[in-house]
Amino acid sequence: MSHKTLILMRHGHATDATYDKRRPLSTRGIMQATLSAQRIATLSLTDPHILASDAIRAQQTADILCRQLASAHGVETVQSLFTGLTTNDLLTHLSPDDDCIIVVGHNPDISIIADMLSAQSVGPSFPPAGFVALTFNVHNWQSIIPHSGNIILHNLG
């Protein structure tokens with residue numbers, strides 16, 4: 001059976017701004033995202049496909065991941081990752097050709113999806129730049145069932 005790896009990550013700490021989508025990473029957020037990217041790099045992933053919300057802080061976090069992991073795909077912007085994403089929406093969006101996908105999004109959606117997919121509880125809320133890496137013994141993303149993902153790495157606080 002083949003394996004699929006899904007990493008669900010919250011963006012790093014952001015500065016304040018009037019318009020939420022325009023909030024950039026703070027210096028602390030850049031450091032958080034860099035440290036998380038370095039931890040994820042220890043998994044030696046093969047060309048992960050990185051999806052990110054269209055919010056600036058999520059794009060910046062994804063760019064840090066992309067550089068650290070040398071992803072040839074670059075970062076794909078997915079507007080629905082900003083708010084209101086469901087587990088089914090996410091799984092439907094994933095390409096069957098990709099064996100490893102990293103999703104950079106926001107609370108509460110990213111933590112709710114992680115908790116729904118993980119065989120172990122991951123808690124109610126991800127900290128800034130928090131992530132969980134899950135593996136699934138499936139051939140395609142749409143075959144994933146709730147609570148079937150095995151945690152292989154995490155940074156949840």
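Thr61 is buried, with a relative accessible area of 0%. Buried here means under 20% relative accessible area, exposed over 50%, and partly exposed in between, with a 1.4 Å probe and protein chains only. The model is predicted, so local features need pLDDT of at least 70 and side-chain atom pairs count only at pLDDT 80 or more, while totals for chains, interfaces and linings use all residues. Residues are numbered from 1 along each chain as its sequence is written, and side-chain values use heavy atoms, with hydrogens and water left out.

Thr61 belongs to helix 2, residues 56–69. Helices (H or I, at least four residues) and strands (E, at least two) are DSSP runs, numbered from the N terminus. The Thr61 side chain reaches the backbone oxygen of Arg57 at 2.8 Å. Such a polar contact is a pair of N or O atoms within 3.5 Å; within protein, one must be able to donate a hydrogen and the other to accept it, and residues adjacent in sequence count only if both atoms are side-chain atoms. Neighbours within four places in sequence aside, Thr61 is in contact with Met9, Arg10, His11, Gly12, Leu25, Ala33 and Val104. Contact means heavy atoms within 4.5 Å.

Now to the other end of the sequence. Ile152 sits in strand 6, residues 150–155. Ile152 is partly exposed, at a relative accessible area of 40%. Its partners, leaving aside neighbours within four places in sequence, are Thr5, Leu43, Ala133 and Thr135. Ile152 and Ile7 are 145 residues apart in sequence, yet 9.7 Å apart in space, C-alpha to C-alpha.

Next, the chain as a whole. Four helices and six strands make up its secondary structure. Their order along the sequence is β-α-β-α-β-α-β-α-β-β. Of the contacts with a separation of 6 or more, 74% join residues 24 or more positions apart. Buried residues make up 47% of the 157 residues.

Last comes the surface. The accessible surface of the chain is about 7400 Å², and 53% of that belongs to carbon and sulfur atoms. Areas come from the Shrake-Rupley method with a 1.4 Å probe; for residues, only the protein chains shown count as cover.
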